[in-house]
Amino acid sequence: MNQESRKKTRVKVRNCITNTPAGLCQLLNINSDGLSLKCFKKWSFSREWSLDIYDTSGLILEQFQVKKIWEKCLTNPMVPGQFSMIVGVAFHNLSGSQKEQLDSYVRQLIWQKKIIFDHH
């Protein structure tokens with residue numbers, strides 16, 4: 001599965017980071033199936049791991065199990081400020097509570113985007 005074969009559109013995210021076993025990454029986009037991360041360094045991610053999501057609104061989603069689906073290394077990681085890799089993951093083995101938290105967060109993001117779009 002890759003970005004082109006994704007069944008659900010992902011919502012672009014700003015002001016949100018993830019804490020992974022490899023370190024902190026910036027959340028790019030998310031839906032109820034998975035998310036994409038931008039990483040400042042080239043890290044080696046295992047096939048499965050858990051991550052925490054921190055949004056500047058104060059939202060915290062902890063210990064969400066994910067499976068790595070794809071990763072892409074960017075062409076010029078030596079340029080200061082440029083991210084060196086993007087990783088796409090699918091959520092895996094979430095509890096009922098985690099699914100509810102995730103769905104609520106995605107709905108909140110969609111609602112925020114609609115408000116911004118409606119006012120421009």
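**Briefing: fold, pocket and selected residues**

Q63 belongs to strand β6, which covers residues 60–73. This is a predicted model, in which local features need pLDDT of at least 70 and side-chain atom pairs count only at pLDDT 80 or more, whereas totals for chains, interfaces and linings use all residues. Residues are numbered from 1 along each chain as its sequence is written, and side-chain values use heavy atoms, with hydrogens and water left out. The protein contains 1 helix and 7 strands (DSSP runs, numbered from the N terminus: H or I of at least four residues for helices, E of at least two for strands).

**Overall architecture**

- Along the sequence, the elements follow the order β-β-β-β-β-β-β-α.
- Of the 120 residues in the protein, 37% are buried (buried is under 20% relative accessible area, exposed is over 50% and partly exposed lies in between, with a 1.4 Å probe and protein chains only).
- Among contacts with a separation of 6 or more, 52% join residues 24 or more positions apart (a contact has heavy atoms within 4.5 Å).

**Positive phi values**

- Most residues other than glycine have a negative phi.
- Q63 has a positive phi, near 60 degrees, and counts as partly exposed because its relative accessibility is 47%.
- N93 likewise has a positive phi, near 55 degrees.
- N93 sits in the loop between β7 (85–91) and α1, and it counts as exposed because its relative accessible area is 63%.

**D55 and its surroundings**

- D55 is part of strand β5, residues 48–55, and counts as buried because its relative accessibility is 12%.
- The D55 side chain reaches the backbone nitrogen of S57 at 2.7 Å.
- Beyond neighbours within four places in sequence, D55 is in contact with R14, N15, C16 and Y105.

**The largest pocket**

- The largest pocket holds about 250 Å³ of space (the space filled by probe spheres set on grid points joined across faces, edges and corners).
- A pocket is an open set of points on a 1 Å grid over the protein atoms alone, where a 1.4 Å probe fits and protein lies on both sides within 12 Å along at least five of seven lines; lining residues have an atom within 4 Å of a point.
- Its lining has 12 residues, and R14, N15, L109, Q112 and K113 are those nearest the centre.
- Helix α1, residues 96–118, contributes the most to this lining, with 5 residues.
- By class, the lining comprises 3 nonpolar, 5 polar and 4 charged residues (Ala, Val, Leu, Ile, Met, Phe, Trp, Tyr, Cys and Pro are nonpolar, Asp, Glu, Lys and Arg charged, and the others, Gly among them, polar).

**Q101 in helix α1**

- Q101 is located in helix α1 and counts as partly exposed because its relative accessible area is 33%.
- Beyond neighbours within four places in sequence, Q101 is in contact with L61 and F64.
- Q101 and L59 are 42 residues apart in sequence, and their C-alpha atoms are 9.6 Å apart in space.

**Cysteines**

- The count of disulfides is 0 (a disulfide being a pair of cysteine sulfur atoms within 2.5 Å).
- The closest cysteine sulfur to that of C73 is in C39, at 9.8 Å, which is too far for a bond.
- C39 counts as buried because its relative accessible area is 0%, whereas C73 counts as partly exposed because its relative accessibility is 41%.

Technical notes:
A polar contact is a pair of N or O atoms within 3.5 Å; within protein, one must be able to donate a hydrogen and the other to accept it, and residues adjacent in sequence count only if both atoms are side-chain atoms.
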